[in-house]
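Thanks for coming. Please have the structure open.

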Amino acid sequence: MTKCIAFHSYKGGTGKSTISSNLSATLARKGLTAVLLDLDVYAPSLQDYFQWQPQKSINDYLFENATVEEVIHDLSPVLNKFPSNNGEQSDSKGKLLVAFSSTSKDEIYKLDGAVRQEGSKIQLLRKFLMLREEIVSKYNADFIIIDTSPGIRYWSINSLAIADTILLSLKLDGIDLKGTRLLAKEIYDSLTKLGTKSYLLLNRAAGYCLPPNLSGENNSSNQELYKTTVDNQSTVISKLSADISMDTILSIPCYCDIQFDSNEFLTALRYPDHPFAGKIDALIEQLKKI
Amino acid sequence: MPELSIPGLSSLVGQAATEKFDSGIILLMSPPGGGKTLYCRQMIIESLQNGSACIYINSSMTRKEYQNLFDTITDEKIDKLKFLNPYLVSTSNKESDPSTSINEPKLSATLQEIQNTIDQWSSVTNTNTETTQKSTSSLNDHTKYAIVLDSLTHMFTLFEEDKVLKFVNALSFLIKELEATALITMSGTQSSNGEILNKLSSIFDIVVEIEAQEDSDKIKRKLKLVSIKGGGSKSASAPFNIEEDGKLKFESEASAKSKLSICGLCKAPILEEPEYYLDMPFHHNHVSIYMKLAGAFGQARVSDVGPSGVIDAAFFFVDVVGLSDPALSVRRQIEKIEALNDMIGHCDTFKKASDKRVLPTGDGMAIGFMLSPESPLQLGIDLHQALKKYNSHTNKQDGSFLDVRIGLASGSVFIVNDVNSNQNIWGPGIIFARRVMDVGDGGHILLAGPLAESLLALDDKYRTIVNLLGDFQVKHGQIIKIYSAYSPNEFGNSAIPGRFKS
């Protein structure tokens, strides 16, 4: 049975694309079939993650200019570029299949314009539903992972509606916290009432390392500040989780070594011993239990 | 095993779900005059006809009234129907059954009578089995029991509520033990019976209610599904009439199937058994998505797209020019039609369109594209390019040159079943495309105004190829704006159509 998981957030930059890409690739490496859909239609970025220029995009599928086979790209060979943590190649049974959104300005305008017209909007929605159904029936996928646009957008809501599980990624800044509460109340309530599971996924949390200006110092007030920050974070996320009745599925620290490594997106594969890879493994274990 | 007889149930939950429901308790609520006694009668008559044995409990009915109600039942069948009026039941030598804690002699006696009746029928069953006596009226090991209690509301007027509830509770255990089907009725609606429903909710497997509305001089009735155990509220409904002989006539399965069902979410035809929500049919897997979207976007924004049963689509209409020319041999005519069919079948746009309807028209075809308004024009362009290659091997002198005219339009159509039970489309959208095509000459790709204008708004690329010809009066005095799509030496015909000039 295919599990459909959507990554969503209130704000951009919370790590949806990074985590969904690494999750999909790691699932495939473990011998599962993962279909990753880039539905961040206004700011697609997965082409960069996989260094892939697709001939046909999800936009083409929605407008009937391509079949599902033409928009689903088998990127399983990408997995073999990276060694696993025991030096072996990935499980050959695993498949990493990716469908990209178009990065063309005209295509983005076209899709945006079409959803403003009721006639074409319902046709696109119908085609969108068919995309999920075709993936389930033709690819025998274990997981469909959807990378959505942040906020309350047409395609985000549609993506959330077809998902079984939603992972709401957030950073612990004030705006994101406020927005997350808004999403929970305005959108998620109606989905979870009908069986969708939703979880908080805390990204870029404090606690991975001491900031460089504090390391080696014996300044007790700075040390205290750091400790307070980490403790506060725990209190804030617990309160949020209780207020909106959503458990936290995972907390991923702010890995400064990932942040500054340019063009290095599939970190979980590139550095299988990195704690980030461990977090992705932990996420997979959690998802298997749902 | 005898079939269950629950009038209208299959219309509410589908045949498959009805077949799975082989025992359980149904609550029927109805306003006065809704027809609940006749519903009970119908369930009993159908159950008897299907080989079940029935017990009818009615606290407001005399034996005479009961006999009148069932006067059409043959003696053979009436043997398997037991009537009980709890108010009139004899309580002589009977104490309240302490095991049930009912503490009401008449209700306790009624329960005992039900048990005795079942025992008596069972003993007949055993005797029949032992003697291998064959009789259509005899019961057997597989006999199903139907128990009808009409009505709970009236029972409350005769007995204390607490005692009635205990009676119903005890009855429900008996029904479970017998794996019987039971119907219990109440007057009123879900909201007016809220308190009692809460107390008894765990007993009922299915709750339905009759809605009756006066419409001019007739009462329009429908049976509505309130809830089904394990399935939540579905809000499906099945209209029915009460005929002169008291029979309830539900919209038959056949007529329900022949009716077009269009999914309330994706607006595509539903080929399987539809699932209902808010009286709208859905593909099975689209109900929860619709409900989620309705919650997120708001009901109106999801449901206001096109009335049920009607589809908005874009149409491509093509015919072969001069096919009926008597100078053209039949063999040549067939060649041309086959060539046209073959070319269209190989066009990318045709192959990729997953939701389309094709209607052969003899000298051409009409194709409805359900999803993209761009598809008809793109197919016209694809076809002209294919024709160019094809005609490079033909000549006009021997009649082998294949010339077509194409009309494109958008609009509403109904999906209708043809004589072969295939789903086809018909309606203003397709007729419009035909009218537009008729204006053109060979090589023309003409578009009706609304379709052309939506394409021009959609993408700038159409501005160079879609050109306004002007207004044209078609059949029945209808004036339509016509555009012509062409690109010199590639597709279309830049000349003004002859009919347009005239």
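How are helix 1 of chain A and helix 13 of chain A oriented to each other? Before the answer, some ground rules. This is a predicted model, where local features need pLDDT of at least 70 and side-chain atom pairs count only at pLDDT 80 or more, while totals for chains, interfaces and linings use all residues. Residues are numbered from 1 along each chain as its sequence is written, chains are lettered from A and ligands numbered from 1 in the order in which they are written, and side-chain values use heavy atoms, with hydrogens and water left out.

Now the pair. Helix 1 (residues 16-29) and helix 13 (residues 275-289) of chain A pack at about 75°, with axes 10 Å apart. Helices here are DSSP runs of H or I, at least four residues, and strands are runs of E, at least two, numbered from the N terminus. Axes are lines fitted to C-alpha atoms over the stretch in contact, and angles run from 0 to 180 degrees between N-to-C directions. The two helices of chain A are therefore roughly perpendicular, a label for 65 to 115 degrees.

Contact, meaning heavy atoms within 4.5 Å, involves A:Ile19 and A:Leu23, among others, in helix 1, and residues including A:Phe276 and A:Ile284 in helix 13. By class, that contact has eight nonpolar, three polar and one charged residues.

Next, the interface. In chain A, 28 residues are in contact with 28 residues of chain B. The chains bury about 2,700 Å² between them, 61% of it on carbon and sulfur atoms; that is accessible area (1.4 Å probe) lost on being put together, summed over both.

Two salt bridges link chain A and chain B, each a side-chain nitrogen of Lys or Arg within 4 Å of a carboxyl oxygen of Asp or Glu. One of them pairs B:Glu374 with A:Lys110, the closest N and O atoms being 3.2 Å apart. On the chain A side, helices 7 (118-139), 8 (154-162) and 9 (174-192) each supply at least two residues. Helix 7 of chain A gives the largest share, nine residues.

Last, the backbone. B:Asp150 and B:Ser151 are joined by a cis peptide bond, with omega about 0°. B:Ser151 lies in the loop between strand 4 (145-149) and helix 7 (152-158) of chain B. In chain A, A:Glu64 is not a glycine, yet has a positive phi of about 65°.

Notes
Parallel < 35°, antiparallel > 145°, perpendicular 65-115°, else oblique. Nonpolar A, V, L, I, M, F, W, Y, C, P; charged D, E, K, R; others polar. Buried area = accessible area lost by both parts, 1.4 Å probe.
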